[in-house]
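Please read the following report alongside the sequence and the model.

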Amino acid sequence: VQLQASGGGLVQTGGSLRLSCAASERTFSRYAMGWFRQAPGKEREIVAAISGSVIYYADSVKGRFTISRDNAENTVYLQMNSLKPEDTAVYYCAAKFGFGLGHARREYDYWGQGTLVTVSS
C-alpha cells in the first residue's frame with residue numbers, strides 16, 4: 001500500500017488546514033487509517049484514527065480536528081481547525097490492515113511520507 005499525504009503548510013494561530021492522504025490500495029475500506037504527528041525532538045504520536053464508523057482522537061485535538069474517509073476515493077482526511085503553535089509537526093498518515101482501531105505506531109503497517117504543518121504565533 002502506498003500512501004501520499006498532502007495539504008500541509010504555514011498557517012497562523014487559529015487558522016485551518018485540511019490534510020489528505022491518498023492510498024493506492026483498492027481494498028482501502030478494509031484498512032483502519034490513522035494520522036500521527038512528530039514535532040522536532042519529540043516522539044511520533046497519534047492524532048486521530050478511523051476504522052469503519054469508529055473514530056479516535058487524542059485529547060490534545062478533540063473538538064478541533066476531524067478525521068474522515070472517502071472509501072470511493074481511497075482517501076482519508078484530517079480537517080484541522082483552531083490551530084495552535086503546539087500543533088506544529090510533520091503529519092503522517094498510516095494504514096493498518098483490519099478493522100480494529102490502532103493507537104500505537106507499531107500497529108500500523110504502511111506509512112505516508114509526511115507533510116509539514118507549521119502554525120505561527
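The structure holds five aromatic pairs, where rings of Phe, Tyr and Trp (its six-membered ring) pair if their centres lie within 6.5 Å, and where planes under 30 degrees apart count as stacked, over 60 as edge-to-face and the rest as tilted. One of these pairs is formed by Tyr31 and Phe97, whose ring centres are 5.1 Å apart and whose planes stand at 75 degrees, so the pair is edge-to-face. This pair links distant parts of the chain, since Tyr31 belongs to strand S4 (residues 31-38) and Phe97 to strand S9, 66 residues apart. Strands here are DSSP runs (E, at least two residues), numbered from the N terminus. Ring pairs also join Tyr31, Phe97 and Tyr110 into a cluster.

The model is a predicted one, in which local features need pLDDT of at least 70 and side-chain atom pairs count only at pLDDT 80 or more, while totals for chains, interfaces and linings use all residues. Residues are numbered from 1 along each chain as its sequence is written, and side-chain values use heavy atoms, with hydrogens and water left out.

The charged end of Arg44 sits over the ring of Tyr92, 3.7 Å from its centre, and also over the ring of Trp111, 5.0 Å from its centre. The criterion is that NZ of Lys or CZ of Arg is within 6 Å of the ring centre and within 35 degrees of the ring normal.

S1 and strand S3 (residues 17-23) run antiparallel and are joined by four bridges; in S3, Ala22 is the bridge partner of Gln4.

| Residue | Relative accessibility | Class |
|---|---|---|
| Tyr31 | 9% | buried |
| Asn74 | 16% | buried |
| Glu86 | 56% | exposed |

Asn74 lies in the loop between S7 and S8, and, not counting residues up to four places away in sequence, Asn74 touches Cys21, Ala22, Ala23, Glu25, Arg26 and Phe28, contact meaning heavy atoms within 4.5 Å. Glu86, by comparison, is found in the loop between strand S8 (75-80) and strand S9 (89-97), and its C-alpha atom is separated by 9.7 Å from that of Thr13, 73 residues apart along the chain.

How values were computed. Two strands pair if DSSP finds at least two bridges between them. Buried means under 20% relative accessible area, exposed over 50%, partly exposed in between (1.4 Å probe, protein chains only).
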